[in-house]
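Dear colleague,

Please find below the structure I am handing over to you, together with its sequence.

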Amino acid sequence: MIVRTTAEITGTDREVTPENGNWVSKRIVLGGDRVGFSFHETTIKAGTDNEFHYANHVEAVWLVEGEGELIDLTEGGKTYPLAPGTMYLLNGHERHRVLARTQLRMLCVFNPPVVGTEVHDADGVYPLVTVD
Ligand code: 9YT
């Protein structure tokens with residue numbers, strides 16, 4: 001059994017911020033834990049507009065705090081409100097934007113798991129990195 005708190009992840013290499021500083025991701029479960037998924041708490045800054053495209057991963061996102069919008073760029077910009085209790089599942093690797101009207105806090109699950117060293121490329125894609 002593994003037990004972790006976000007407090008003990010804060011300030012370690014399991015806490016990741018992109019170059020633009022728009023969000024912080026605390027990696028609670030990573031590929032190295034060898035359970036087939038990774039589990040993150042992501043906080044997105046209020047007022048930011050973020051484009052992501054997980055071409056190599058499926059991601060489920062459960063919003064627990066904040067208000068914003070999710071825009072599906074593969075469906076002509078179809079827009080969904082984001083509020084606590086909303087879940088979105090990128091089961092089609094959809095390119096998308098997340099607009100944060102207020103700070104957003106979300107719980108994210110990735111399959112295959114993120115190993116922790118991935119950085120979004122210019123298209124917002126994480127490379128596929130596997131655990132040995
Ligand atoms: C919602 C989203 O995709 N945010 C980007 C960060 C990602 N969730 C991560 O690496 O934890």
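The largest cavity in this predicted model is the space that the ligand takes up. Three elements, β2, β3 and β10 (104-111), each give two or more residues to the shell around the ligand. That shell holds 13 residues, of which S25, R27, H40, Y54 and Y126 come nearest.

For the side chain of H40, the distance from an N or O atom to a ligand oxygen atom is 2.7 Å. A nitrogen atom of the ligand, in turn, is 3.2 Å from an N or O atom in the side chain of E59. On its own the ligand has 310 Å² of accessible area, and the protein covers 100% of this.

I would also draw your attention to D33, which is found in the loop that runs between β2 (23-29) and β3 (38-44). Is D33 buried or exposed? Its relative accessible area is 17%, and because the cut-off for a buried residue is under 20%, D33 counts as buried. The side chain of D33 makes a polar contact with the side chain of R4, at 2.9 Å. Apart from neighbours within four places in sequence, the residues in contact with D33 are I2, R4, R14 and I28.

With kind regards

Key. Residues numbered from 1 in each chain as written. Predicted model: local features only at pLDDT ≥ 70, side-chain atom pairs only at ≥ 80, totals over all residues. Heavy atoms only, no water. Helix = DSSP H or I, 4+ residues; strand = E, 2+ residues; numbered from the N terminus. Buried < 20%, exposed > 50% of the residue type's maximum accessible area, 1.4 Å probe, protein only. Polar contact = N/O pair within 3.5 Å; in protein donor to acceptor, adjacent residues only side chain to side chain. Contact = heavy atoms within 4.5 Å. Near = heavy atom within 4 Å. Areas by Shrake-Rupley, 256 points an atom, 1.4 Å probe, with all protein chains shown as cover. 1 Å grid on protein atoms, 1.4 Å probe; cavity = no way out; pocket = protein on both sides within 12 Å on 5 of 7 lines; lining within 4 Å. Sits in = over half its atoms within 2 Å of the grid points.
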